[in-house]
Amino acid sequence: MGKRLNETAKLVDKSKIYILDEAVSLVKETAKAKFDETIEVHVRLGIDPKQSDQIVRGTVSLPHGIGKTRKVAVLAKGEKQKEAENAGADIIGSDNLIESISKGSLDFDVLVATPDIMKDLSKVAKILGPKGLMPNPKSGTVTFDIGATVKELKKGRVEYKNDSFGIIHVPVGKASFEKGKLVDNIKALVEAVLKAKPSSSKGQYIKSISISSTMGPGIYVEQKM
């Protein structure tokens, strides 16, 4: 594996900032693993991540999805359960689902909840939180619009949030995607991040953008897309 990584690293000029088309062609070329590697975008922001009013967080519907159908669970009651079923939710429940979660059953990729059921989730917050599965209004997973939310999540809506270093890491597809689809997805993500700039953030907002495959080297991309 070390030899393969060294070989792919030689394909990338670390001192160069590539135009997006070139970078995507290169990231596909460096994805040499025996599985279909995920392509990720890393956006380094000029924010102070310690300041709560400078946190950058939101969701974006990528036009071509991420190459993976996510398993969506819904916590709701009454007619909202039927709405979730019609929209294609994989797991639907209320008290029974919370009880299942409390026993450690987390067989889903994303959890959506209606606002009226959030108070009941407090008992499993310590289980969901560390896994990044706790529903949150800012990520669009606490809503009464269950049908539309489930459909968007199944199609490829992703959440982005800066880490403690002020960097956003988001999957935007697979190495097997056509170049044009990856380009479209990357542009959609960067546009969403630009729109999410906090008013309290001063100076240069985006410091750098890079892309990489799961096992490949980072490739710096020009910000002007």
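The crossing of α2 and α7 is right-handed. The model described here is predicted. The pairs are α2 with α7 and α3 with α6, and the pocket is the largest one, with a volume of about 540 Å³.

**Helices α2 and α7**

- Helix α2 covers residues 20-30 and helix α7 covers residues 179-195.
- Their axes lie 10 Å apart, and the packing angle is about 120°.
- An angle of 65 to 115 degrees would count as roughly perpendicular, and one over 145 as roughly antiparallel; α2 and α7 are therefore oblique to each other.
- On the α2 side, the residues in contact are L20, D21, V24, S25 and K28; they meet K179, L182, V183, I186 and K187 in α7.
- Sorted by class, this contact of α2 with α7 consists of five nonpolar, one polar and four charged residues.

**Helices α3 and α6**

- Helix α3 spans residues 79-87, and helix α6 spans residues 146-155.
- The two pack at an angle of about 30°, and their axes are 8 Å apart.
- Because angles under 35 degrees count as roughly parallel, α3 is described as roughly parallel to α6.
- The crossing in which α3 passes α6 is right-handed.
- From α3, the residues K80, E83, A84 and A87 meet I146, G147, V150 and K151 of α6.
- The contact of α3 with α6 has four nonpolar residues, one polar residue and three charged residues.

**The largest pocket**

- The volume of the largest pocket is about 540 Å³.
- Its lining is made up of 22 residues, and the closest to the pocket centre are R70, D109, G132, V158 and E159.
- Two or more lining residues come from each of the elements β2 (57-61), β5 (110-113), β6 (157-161) and β7 (167-174).
- Strand β6 gives the most to this lining, with four residues.
- By class, the lining of the largest pocket holds nine nonpolar, five polar and eight charged residues.

Methods: Residues are numbered from 1 along each chain as its sequence is written. This is a predicted model: local features need pLDDT of at least 70, side-chain atom pairs count only at pLDDT 80 or more; totals for chains, interfaces and linings use all residues. Side-chain values use heavy atoms; hydrogens and water are left out. On a 1 Å grid over the protein atoms alone, a cavity is a set of points where a 1.4 Å probe fits but cannot get out, and a pocket is an open set with protein on both sides within 12 Å along at least five of seven lines; lining residues have an atom within 4 Å of a point. Grid points are joined across faces, edges and corners, and a volume is the space filled by probe spheres set on the points. Ala, Val, Leu, Ile, Met, Phe, Trp, Tyr, Cys and Pro count as nonpolar, Asp, Glu, Lys and Arg as charged, and the others, Gly among them, as polar. Axes are lines fitted to C-alpha atoms, for helices over the stretch in contact, and angles run from 0 to 180 degrees between N-to-C directions. A crossing is left-handed if the near helix is turned anticlockwise from the far one by less than a right angle, and right-handed if clockwise. Contact means heavy atoms within 4.5 Å.
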